Amino acid sequence: MRPLVPPPLSCRAPWWAASGHLQTILGNYLPGELPTHPSEPFRIQLADGDQLTGRHYPGETNALVLVFHGLGGDDQAHYVRRTIALARKLGHHVWTVNHRGCGEGRGLAKQPYHSGSGEDLGAAFAAARERHPDLRQLAIGYSLSANALLLNLGGGLRGPAAQPDAAIAVNPPVDLGACSDTIHRGLSRLYELRFIRRCRKAIHQRVEDGLIPDIYRTSPLMSLRQFDDAYTTKAAGFRDADDYYDQCSARFHLSKITIPTVILMAKDDPFIPWRHAAEAQPSPAVHLHFEPRGGHMGYLSRDLPGHRWLPYAVEHYSKQLLGA
């Protein structure tokens, strides 16, 4: 395909969202229309006995957009629902996929999901190929899922996995160790505590559901690195947090990606440094797009109705990647 070109409009921040923190916070809480679309639930059986859940939003074209949420979210997160709306506007089929135990998948998974869950994404791609063999696949991953998606595309998994035909990775934490350090400093500590609260809630739910034993000692004030040492690494089979970060950071695999891919990041993201993606020497199949403003999945613009630049950019790249 032809080289990708950026959208005509960049994300020019309004005066009331001029910093990465304001972009992140207001982008999460700013109200906006979130239309509903008819959908059908589905499940994906994984090799270890766990199941993933999701929803299929039927379309008319020969394209299927698979959308994956971030840490502590589910397939009803506001950014996922906006992605559903823009994909349906283009006539595409949509699959939204919950990570293990999230959303409608509560009670169906013993194992945790994490930033290296590229095999689970591969299981979703394989299931979609089986159920919709004639549809081209565009995968869109947000935050944690964006790193897992890039890991899948770059072959950085423990075994082979199915892949999509094209991909968009939004705000991927491509260097997990650097992100865990950054989020522990200054005002970013507030995001860290929020993630820890959500993750501890998920652990408690799995204990209540009888899926895992109550053996993981976590606290609400611990750092993300401490949480990964206490839970993620033990539950997922890594030696420690450093081993997890080394194995699952996508930056080490960007040079091996052969599938057309867009990486979209903001230089003022409060806890994901953008330079690690730029310095990773990605392959020619990877199009890097860095915005000066946008925060972490905020991307509020003074030039667009509703101030939402991210759906505008995702739609722009979706059209190029799918030839629509």
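Two strands count as paired here if DSSP finds at least two bridges between them, and strands (E, at least two residues) and helices (H or I, at least four) are DSSP runs numbered from the N terminus. The model is predicted, so local features need pLDDT of at least 70 and side-chain atom pairs count only at pLDDT 80 or more, while totals for chains, interfaces and linings use all residues. Residues are numbered from 1 along each chain as its sequence is written, and side-chain values use heavy atoms, with hydrogens and water left out.

**The sheet**

Start with the strands. Eight of them form an open sheet in the order S1-S2-S4-S3-S5-S6-S7-S8, with mixed pairing. Select 40-45 (S1) and 286-291 (S8): these are the edge strands, each pairing on one side only. On average, neighbouring strands are turned by 20° against each other, direction ignored. Angles run from 0 to 180 degrees between N-to-C directions, and axes are lines fitted to C-alpha atoms, for helices over the stretch in contact.

Next, select 166-170 (S6) and 261-266 (S7). These strands run parallel and are joined by 4 bridges. Show Val170 and find its bridge partner in S7, Leu264.

**Helices on the sheet**

Select 118-131, helix H3. This helix lies across S1, S2 (51-57), S3 (63-68), S4 (93-97) and S5 (136-142), at about 155° to S3. Then turn to H10, which packs on the sheet and touches S3, S5, S6, S7 and S8; contact means heavy atoms within 4.5 Å. The direction of H10 makes about 155° with that of S5.

**The cavities**

A cavity is a set of points, on a 1 Å grid over the protein atoms alone, where a 1.4 Å probe fits but cannot get out; lining residues have an atom within 4 Å of a point. Grid points are joined across faces, edges and corners, and the volume is the space filled by probe spheres set on the points. There are 3 cavities of 30 Å³ or more.

Select its lining: His78, Tyr79, Arg82, Thr83, Leu86, Tyr142, Met297, Gly298, Arg308, Leu310, Pro311 and Val314. Helices H2 (78-89) and H10 (309-322) are the elements giving two or more residues to this lining, and H2 has the largest share, 5 residues. By class the lining has 7 nonpolar, 3 polar and 2 charged residues (Ala, Val, Leu, Ile, Met, Phe, Trp, Tyr, Cys and Pro count as nonpolar, Asp, Glu, Lys and Arg as charged, the others, Gly among them, as polar).

Finish at the second largest cavity, of about 40 Å³. Select Gly101, Arg106, Gly107, Ala109, Ala202, Gln205, Arg206 and Leu211, which line it.

Definitions and conventions. 1 Å grid on protein atoms, 1.4 Å probe; cavity = no way out; pocket = protein on both sides within 12 Å on 5 of 7 lines; lining within 4 Å.
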